[in-house]
Amino acid sequence: MRPSTEEELAEIVRGAAGPLRIRGGGTRAIGRTDGAPLETAGLAGVRLYEPGALTLVAGAGSPLGEIEAMLAAEGQRLPFEAPDLRGLLGREGVSTLGGVVAANGSGPRRIQAGACRDSLIGVRFVDGAGQVVKNGGRVMKNVTGYDLVKLMAGSHGTLGVLSEVAFKLLPLPETELTLALPDLAPERAVEAMAAALGSPFDVSGAAHWPGRGTFLRIEGFEASVRYRAGRLRRLLAGFGEAAEVESPWAAIRDVAPFHGREGDVWRLSLRPSDGPAVAARAGGAALFDWGGGLVWILTEPGTDLRARIGPFAGHATLVRGTAPVAAFHPEPLPLAALAASLRARFDPRGLFNPGLMA
């Protein structure tokens with residue numbers, strides 16, 4: 001099923017006799033679910049683009065690459081640097097805007113510009129009763145239903161099927177510069193990243209790639225970038241000499257170090273200060289992003305990483321692998337009850353991606 005209009009989508013949902021597996025471009029879905037495939041790629045096209053207002057409204061099935069190219073031609077971008085997970089997951093296909101929103105896909109710039117949900121200002125979607133729901137608006141001043149807009153980001157298609165999304169945008173920077181510190185132990189790398197992020201120099205990327213270095217990005221007008229980079233070098237002198245290097249951010253964003261390598265891939269979200277110790281308990285290869293608050297771990301196939309590392313303040317998601325566990329971290333009972341009540345409210349028949357969050 002591949003509707004081309006919102007009305008067709010609503011009709012399909014109203015007439016559904018069993019579970020539906022929601023699919024955008026099939027490039028970033030994780031976890032296991034059953035049901036008849038419902039593809040949203042037919043719901044494509046720009047509904048509104050106002051460069052002067054830094055506002056975009058587009059169909060949820062719009063290809064991400066086409067949207068990014070259109071914005072770049074106007075000197076603009078989506079703020080959250082959406083990752084491309086095709087190489088990591090071994091998939092083909094075309095990533096869609098709705099898929100990015102459903103996964104709350106957010107790259108290295110999250111530490112400065114926020115996650116996808118922080119740039120999302122409006123949604124239209126079809127709920128489990130086949131009703132079209134509209135929340136938010138085309139400008140940030142319209143905050144009607146703003147909480148529901150945020151709920152849809154990261155819901156992985158379990159609350160409704162997105163048909164349209166609206167974003168605030170940012171200008172492309174004039175200059176981007178990356179500094180690399182010599183390869184540090186993870187503990188020292190996290191300390192260095194914390195110092196950089198706590199500085200007034202507006203760092204927009206902070207990642208540690210073991211064996212390669214600790215990377216820090218500065219963006220903006222060229223004179224400002226050069227000045228801030230010089231000051232940052234002096235601030236971090238105690239961690240080693242920082243050198244200017246070619247941009248590694250696409251590789252970090254897309255978790256390129258784990259492409260084509262056998263094993264399970266886990267995504268850990270946690271306090272940056274906890275990252276090195278948790279990664280050490282996990283074993284295997286690691287990649288640290290978001291100043292250490294996001295840790296990617298590559299383990300041997302079938303590893304139950306949650307059992308291996310034990311309790312910690314955060315969550316571990318199985319992004320790729322064969323471990324016999326739920327993809328998403330078990331929620332505390334009060335939060336699980338709240339999530340279940342939301343799903344019952346928006347999808348009372350249990351149509352959308354059943355079992356995904358179990």
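I sorted the lining of the second largest pocket by class and found 10 nonpolar, 16 polar and five charged residues. In this sorting Ala, Val, Leu, Ile, Met, Phe, Trp, Tyr, Cys and Pro are nonpolar, Asp, Glu, Lys and Arg are charged, and the others, Gly among them, are polar.

I am working from a predicted model, in which local features need pLDDT of at least 70 and side-chain atom pairs count only at pLDDT 80 or more, whereas totals for chains, interfaces and linings use all residues. Residues are numbered from 1 along each chain as its sequence is written, and side-chain values use heavy atoms, with hydrogens and water left out.

**Second largest pocket**

I read about 550 Å³ of space for the second largest pocket (a volume is the space filled by probe spheres on grid points joined across faces, edges and corners). Its lining has 31 residues, of which Ile22, Arg23, Gly24, Ala29 and Asn353 are the closest to the centre (on a 1 Å grid over protein atoms alone, a pocket is an open set of points for a 1.4 Å probe with protein on both sides within 12 Å along at least five of seven lines, and lining residues have an atom within 4 Å of a point). I then asked which elements give two or more residues to this lining, and they are β1 (20-23), α4 (97-103) and β8 (161-168) (helices are DSSP runs of H or I, at least four residues, and strands are runs of E, at least two, numbered from the N terminus). Helix α4 gives the most to the lining of the second largest pocket, with four residues.

**Largest pocket**

The largest pocket holds about 1200 Å³ of space. Of the 45 residues in its lining, I noted Arg117, Gly154, His156, His315 and Phe328 as the closest to the centre. At least two lining residues come from each of α10 (249-253), β14 (264-270), β16 (294-299), β17 (314-320) and α13 (333-346), and α13 gives the most, with six. By class, I have 24 nonpolar, 13 polar and eight charged residues in the lining of the largest pocket.

**Helix α2**

In α2 (residues 64-73) I listed Leu64, Ile67 and Leu71 as the buried residues (buried is under 20% relative accessible area, exposed over 50% and partly exposed in between, with a 1.4 Å probe and protein chains only). Seen down the axis of α2, these buried residues fall within an arc of 65°, so they line one face of the helix (the arc is that of the directions from the helix axis to the C-beta atoms). On the face of α2 turned away from its buried side I found the exposed residues Glu66 and Ala73. The buried residues of α2 pack against β3 (46-50), β4 (55-59), β5 (76-77) and α4 (contact means heavy atoms within 4.5 Å). After α2 comes Gly75, for which I noted a positive phi, near 75°.

I looked up Ser163 in strand β8, and it counts as buried because its relative accessibility is 3%. Apart from neighbours within four places in sequence, Ser163 is in contact with Glu6, Leu9, Leu43, Arg47, Gly59, Ala60, Arg124 and Phe125. I also looked up Ser119, which lies in helix α6 (residues 116-119) and counts as buried at 0% relative accessibility. With neighbours within four places in sequence again set aside, the contacts of Ser119 are Pro79, Phe80, Ala166, Phe167 and Lys168.
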